[in-house]
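Hello,

Please find the structure below. My notes on it follow.

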Amino acid sequence: MELARIVEIVNGRVICGEEKLRRTVKYGFSSDLMSDVLTINIENLLLMTGLANPQTIRTAEMADIEFILFVRNKKITMEMIKLARENDIVLITTGYSLFRTSGLLFNAGLKPVY
Amino acid sequence: MKLNFQVEGGNFAKAGVASSEVKKVLKKLGVPPMIIRRIVVALYEAEVNIVAHAQQGIISVDLHHDKVEIELRDKGPGIGDISQAMQEGFSTASEEVRAMGFGAGMGLPNIKKNADELNIESKVGEGTTVHITNYFAKP
């Protein structure tokens, strides 16, 4: 699924990484636990999370995750945006809950990891 | 090539800086991405452990032509029972650590999974030393 389509489905807002909106995303993973995220070893993955702090971006950097969708309008700090830009990570926010976001994108064809 | 980093206990804003630098160096050296991933996931979990539990620590990364040897030496509370700490789900992390998305007792199991060789030595009241070795190519 195209990243732009994901943004549309969740009524999202792109914070940084607009140039990657034409990229295809195949898998989705929803978690607020970064050690859980670090067990994933798969490309073209969207991380959906309610955990908004610099460690979320660091975790994505280490796990080679290029796309993060923050739910419930979490505040994205300048420090997080700077880290994301340095590592070519796309940040998106949505007002929807993690449950609703996951459900919508699962229905639209995003594949689960486990 | 040797790289050294100081890690400050409790400073979550900087947790991951060392792992990020090591990742950049490994990329420049042309190490395969799948192998880089294993190394930096193990290193990052161990770096977060120092920030989460210790007062301070030193990370030494020794890059050889065929492998990387990492030593994380901290001054901290130490681990009383290492085999218990290795169990998934066992954690002594504070609320602050949990709020950062860690501290669910998966760190050490994650390190073990991603390290080719892992050795942990610890003395209660003094600190912990973690040795991680990963090879760039599987023999």
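A residue is called buried under 20% relative accessible area, exposed over 50% and partly exposed in between, with a 1.4 Å probe and protein chains only. By that cut-off, 48% of the 139 residues in chain B are buried.

Two notes on the source. This is a predicted model, in which local features need pLDDT of at least 70, side-chain atom pairs count only at pLDDT 80 or more, and totals for chains, interfaces and linings use all residues. Residues are numbered from 1 along each chain as its sequence is written, chains are lettered from A and ligands numbered from 1 in the order in which they are written, and side-chain values use heavy atoms, without hydrogens and water.

Chain B
Chain B contains 5 helices and 5 strands (DSSP runs, numbered from the N terminus: H or I of at least four residues for helices, E of at least two for strands). Their order along the sequence is β-α-α-β-β-α-α-α-β-β. The C-alpha atoms fill a box of roughly 40 × 30 × 25 Å along the principal axes. Of the contacts (heavy atoms within 4.5 Å) between residues at least 6 apart in sequence in chain B, 61% join residues at least 24 apart.

Chain A
Most residues other than glycine have a negative phi. Phi is positive, near 55°, at A:Asn11, which sits in the loop between helix H1 (3-9) and strand S1 (13-16). A:Asn11 is exposed, at 59% relative accessible area. A:Asp88, also not a glycine, has a positive phi of about 55° and lies in the loop between helix H4 (78-86) and strand S5 (90-93).

Regards
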